[in-house]
Amino acid sequence: MKKTITLLFTVLVGYAQAQNADSVAIRKIYNEALAHGKSYEWLRYLTKQVGPRLSGSAGAQKAVDWTKQVMEKEGFDRVFLQDVMVPYWVRGAKEEAYIRMGKQKTTVPIAALGGSVATGPKGVEAGVVEVKSFSELRELGVDKVKGKIVFFNRPMDPTKINTFEAYGGAVDQRANGATEAAKLGAVGAIVRSMTNIHDDNPHVGGMRYGTGVPLIPTAAISTNGADLLSKSLAENPGLTFYFKQNCESLPDAKSYNVVGEIKGSEKPDEIIVVGGHLDSWDLAEGAHDDGAGCVQSIEVLRIMKALGIKPKRTIRAVMFMNEENGLRGGVQYADLAKKNNEKHIAAVESDNGGFTPRGFGIVGTPDQRAKVMPWKPVLAPYGLLEIGAGGGGADIGPLAQSGTVLFGFKPDSQRYFDYHHTTIDKFETVSQRELELGAASMAALVYLLDQHGL
Ligand SMILES: [Zn+2]
């Protein structure tokens, strides 16, 4: 009995000491990020000097060159590019749209959805059917939809506390609306912007066409525009809607994932990835989406170097290309990892904005998640309280097939969709402190993953 108690005591003391060492290291990580952080100035450059960087564009190439340079300047052990062919969609001249009632034309803000076809030089004008769901659309049937523009107007549910849930509940309209409308003979699809706020900014985003269905043009309309269109339709069901867009899909272009790494000192063959996506929508500086995640990921490695932390495992910062309209970079990264027999034990992604940290979502087995739970007490003082099963991230998703445990950084979600995929996703909307706290949170998690494994 006495022996058992002594053993138990030794284990507990050992555990407490390990936890104390972790606490001290994590305190230093936060100090470094908050007192000497570089993420904010990097973000300023990426948004203001590089700017919009949709896959295939000159901006995307500039972002590749610049992040590579930054990582080389920081002296990471290895910095390299991974080739990847990406879709190259261009918006062309700015869109035009108006509601016509009799002689009166009221202009409304729209923006073509990524991947959409153009309207042709004369634009499209037709009567409008408003629906809130695909089932409502199907009930209308070909008779009422043929030759019309379908207006998808289901808002994001404002009662959802996590705005990503509300987004998830509405985004099918943007992704598949054009296909569903075309199946019934519609000539265009207009989609209410994915945001809870009421403003004049169309929120763009990716869409895809189904096979064997006519390709009809589709655009996002601002929420104010959507409200006006809905109200106008109620008063005047015979109104027409006109829109013209000039977008085009060019042949796939060559681009790159940018990778920087610090080699592991004990288990160099075990890799931990921390990343974000380097591409942004063409209308956006891509500050929250996802410049923040990129600079935070580079900052994780910088912090480790600055503190003289020699990781046991290899730590990689990955700038994934083409999350927004193809995910080719994430798929390519996982393919290469498999081909090169690399063992990725964990991947952490930041692609939910540069806001105040709340925690991490984990994609893994219950056993793997259980291994993370003892870390909660050392992360709690920094506001990282929401740690449990949840989403990882689109770019790291393909790694899950090989058993990599995924972690999605979870900042506060309340303002993310105010800016998401719009011209106002700007550097000025990012708080330096919140951005740095996020970088430190990711560095703390990567530190624990490296120290304790999974
Ligand atoms: Zn994103």
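Modeller: Strands (E, at least two residues) and helices (H or I, at least four) are DSSP runs, numbered from the N terminus, and two strands pair if DSSP finds at least two bridges between them. This is a predicted model, in which local features need pLDDT of at least 70 and side-chain atom pairs count only at pLDDT 80 or more, while totals for chains, interfaces and linings use all residues. Residues are numbered from 1 along each chain as its sequence is written, and side-chain values use heavy atoms, with hydrogens and water left out.

The open sheet has 8 strands with mixed pairing, in the order S1-S10-S12-S11-S13-S16-S14-S15. Strand S1 (78–90) and strand S15 (386–389) each have a single partner strand and stand at the edges, so one side of each is left without a neighbour in the sheet. On average, neighbouring strands are turned by 20 degrees against each other, direction ignored. Axes are lines fitted to C-alpha atoms, for helices over the stretch in contact (heavy atoms within 4.5 Å), and angles run from 0 to 180 degrees between N-to-C directions.

Helix H3 (residues 58–73) lies across S1, S10 and strand S12 (313–320), running at about 5 degrees to S10. Helix H9 (residues 328–339) lies across S1, S10, strand S11 (267–277), S12 and strand S13 (343–349), and runs at about 140 degrees to S1.
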